[in-house]
Amino acid sequence: MYYWSVGTHLGQNPVAPHQKHQGLKQKEKKLPVCASQKRKRKRKNSQFVTETPRPAPSTRSPPRPAAPLPSARPSSPHSRKRRASYPILISPPFFSAAAGQRHATRLTPASDPLLTRHPEMATAAAFSVSSPAASAVAARSKVFGGVNQARTRTGCRVGITRKNFGRVMMALAVDVSRFEGVPMAPPDPILGVSEAFKADKSELKLNLGVGAYRTEELQPYVLNVVKKAENLMLEKGENKEYLPIEGLAAFNKATAELLLGADNPVINQGLVATLQSLSGTGSLRLAAAFIQRYFPEAKVLISSPTWGNHKNIFNDARVPWSEYRYYDPKTVGLDFEGMIADIEAAPEGSFVLLHGCAHNPTGIDPTPEQWEKIADVIQEKKHMPFFDVAYQGFASGSLDEDAFSVRLFVKRGMEVFVAQSYSKNLGLYSERVGAINVVCSAPEVADRVKSQLKRLARPMYSNPPIHGAKIVANVVGDPTMFGEWKQEMELMAGRIKNVRQKLYDSLSAKDKSGKDWSFILRQIGMFSYTGLNKAQSDNMTDKWHIYMTKDGRISLAGLSLAKCDYLADAIIDSFHNVN
Ligand code: PGU
């Protein structure tokens with residue numbers, strides 16, 4: 001429902017009825033009115049007041065705010081804002097009618113998108129300009145069928161809410177859409193890149209935006225071991241019944257073991273609360289809801305830069321966050337001193353979000369020694385480590401090696417949050433398979449934490465999907481398939497390492513400026529953080545049809561050996577020729 005309110009002082013910005021009224025009254029008080037002006041006004045008013053006689057001044061009721069029409073939302077900031085700022089659009093068929101004409105000619109047609117999108121709104125606005133005569137015109141109108149009628153054929157509602165000084169304040173409520181107050185959201189900085197890529201017709205186009213593995217032919221890849229597991233599931237004729245809130249038990253066991261190591265004592269001691277959730281994102285979101293509920297005073301520290309969605313996740317969960325230094329543009333490496341200083345300076349008991357391996361977007365990970373120091377300071381400050389593990393196996397090709405950081409913290413006896421994802425390492429992107437693990441200090445603590453995670457999950461999404469969870473459980477639970485998975489993961493990680501090397505070679509051979517591109521080789525995982533700024537990244541897309549995120553990140557998983565030279569040309573051009 002959309003509200004419109006005007007007086008006879010049209011062509012000015014319409015204002016809320018009560019403000020309008022007071023404004024008019026003050027104006028009339030201040031300005032002395034001479035006899036000729038009075039006559040002029042009388043003539044003018046007589047043109048409009050065709051049906052509604054003007055009440056005598058003494059009988060005027062005191063000013064009061066116009067009553068909203070039924071189902072009005074006058075308290076909505078949107079409706080207020082609109083009422084205060086929309087110009088009036090003239091609708092020719094009605095504007096020519098009788099008394100509306102003179103006022104209407106003084107008005108500028110609105111270019112307002114809302115009005116142009118909704119002709120019925122324009123019609124209603126035209127009625128509003130005709131002031132008291134609007135009632136007469138509207139009453140006779142075939143379209144409206146009369147003022148004050150509840151609903152017209154066009155879906156407009158018209159009502160006179162106030163009369164004063166012979167002027168009629170009309171409030172017009174027009175059924176356009178309940179969603180008029182909903183603005184268009186900007187495209188997602190990562191997933192939006194894929195949409196733009198699809199729309200590009202160029203044969204040269206290359207999608208290095210989203211972190212999704214492609215074959216050397218740049219085709220999406222379904223792991224053989226996944227196909228095998230799915231075939232087995234079909235053969236067995238698995239059902240689609242609901243899973244429990246915490247997910248598939250076999251998956252939860254497998255995922256905790258993959259993360260922590262099957263023989264990790266914390267598993268046998270029942271210290272790990274594991275809940276299957278909606279991939280990495282959903283697991284992070286669930287943990288964020290948990291933090292918001294049980295640690296309302298705590299803030300989360302996130303690396304600068306980080307995966308773009310981290311901020312959205314904590315914002316939506318209403319968890320305050322701040323950044324710790326991570327990337328040093330001067331060295332194109334880790335700002336370790338800055339990182340430690342910022343974690344140290346954070347209020348005691350903060351949550352420190354750490355990328356378990358293959359930091360996104362920089363591809364720069366701390367060394368094992370640096371991880372030890374990070375653990376020291378987190379322990380000293382009684383912070384809570386919160387790992388995001390979205391690339392286990394993808395950084396080094398080894399599941400165990402990539403779990404080093406998490407296992408180090410757990411080994412120290414620290415309580416730890418870990419969100420896991422199977423999007424990349426098993427290529428289960430759209431199956432939404434992942435988990436939230438909370439390593440606790442005692443089994444009964446883990447039970448309580450798990451019970452509350454379940455309580456949070458239930459009203460959010462009730463229970464997680466079964467298909468991908470069964471794939472993971474089957475692959476990990478079968479030694480042959482597990483071995484095959486490790487081989488395929490090494491293959492994927494290896495292909496990325498090859499294109500990384502080839503890109504470096506191409507850049508070094510083609511760029512005669514002497515710039516050192518070796519940072520590309522030092523980065524690990526799916527991405528390379530090129531150091532290109534937004535304008536340079538725009539140039540990569542606009543001129544070279546290379547799609548990437550605006551922070552200068554490229555996904556090497558979307559690159560083939562054959563395209564490395566082309567990419568190197570684009571990077572060199574953007575780097576040297578665009579500021
Ligand atoms: N955490 C990090 C660090 C990630 O990079 C991603 C995925 C996730 C969590 C979440 O992955 P799930 O698919 O929810 O398991 N980042 C990719 C994928 C695209 C996206 O932004 O969701 C990326 O390109 O950055």
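Here are some questions and answers about this predicted protein model.

User: Is Ala 229 buried or exposed?
Analyst: Let's locate the residue and then check its accessibility. Ala 229 sits in helix H10, which covers residues 224-236. Buried means under 20% relative accessible area. Ala 229 has 0% relative accessibility, so this residue counts as buried.

User: What distance separates the C-alpha atoms of Ala 229 and Asn 474?
Analyst: Leaving out residues up to four places away in sequence, Ala 229 touches Ile 471, Asn 474, Val 475 and Met 481. Ala 229 and Asn 474 are 245 residues apart along the chain, yet their C-alpha atoms are separated by 6.2 Å.

User: Asp 388 is buried and has no salt bridge, so which side chain of opposite charge is nearest, and how far away is it?
Analyst: Asp 388 belongs to strand S11, residues 384-389. A salt bridge needs a side-chain nitrogen of Lys or Arg within 4 Å of a carboxyl oxygen of Asp or Glu. The nearest side chain of opposite charge to Asp 388 is Lys 424, at 9.5 Å.

User: Which side chain makes a polar contact with that of Asp 388, and at what distance?
Analyst: Beyond residues up to four places away in sequence, Asp 388 touches several residues, including Trp 307, His 310 and Ala 419. One of these also has a side-chain polar contact with Asp 388: His 310, at 2.7 Å.

User: What is the bridge partner of Asp 388 in S12?
Analyst: Strands S11 and S12 pair in the parallel sense, over 4 bridges. Within S12, the residue that partners Asp 388 is Ala 419.

User: Why is strand S12 described as largely enclosed by the rest of the structure?
Analyst: In a regular strand, side chains alternate between the two faces of the sheet. In S12, Val 416, Val 418 and Gln 420 point one way, while Phe 417, Ala 419 and Ser 421 point the other way, and all are buried. Strand S12 is therefore largely enclosed, because the buried residues number 6 of the 6.

User: What is omega for the cis peptide bond between Asn 360 and Pro 361?
Analyst: Pro 361 lies in the loop between strand S10 (351-355) and helix H16 (368-380). Another cis peptide bond joins Ser 304 and Pro 305, with omega about 5°. For the bond between Asn 360 and Pro 361, omega is about 15°.

User: What is the phi of Ser 279, a residue that is not a glycine?
Analyst: Ser 279 is found in helix H13, residues 279-294. This serine is buried, with a relative accessible area of 0%. Its phi is positive, at about 55°.

User: Where is His 545, another residue with a positive phi?
Analyst: His 545 is not a glycine either, and its phi is near 60°. Its place is in the loop between helix H23 (534-542) and strand S15 (546-547).

Definitions and conventions
Residues are numbered from 1 along each chain as its sequence is written. This is a predicted model: local features need pLDDT of at least 70, side-chain atom pairs count only at pLDDT 80 or more; totals for chains, interfaces and linings use all residues. Side-chain values use heavy atoms; hydrogens and water are left out. Helices (H or I, at least four residues) and strands (E, at least two) are DSSP runs, numbered from the N terminus. Buried means under 20% relative accessible area, exposed over 50%, partly exposed in between (1.4 Å probe, protein chains only). Contact means heavy atoms within 4.5 Å. Lys and Arg count as positive and Asp and Glu as negative; His and the chain ends are not counted. A polar contact is a pair of N or O atoms within 3.5 Å; within protein, one must be able to donate a hydrogen and the other to accept it, and residues adjacent in sequence count only if both atoms are side-chain atoms. Two strands pair if DSSP finds at least two bridges between them.
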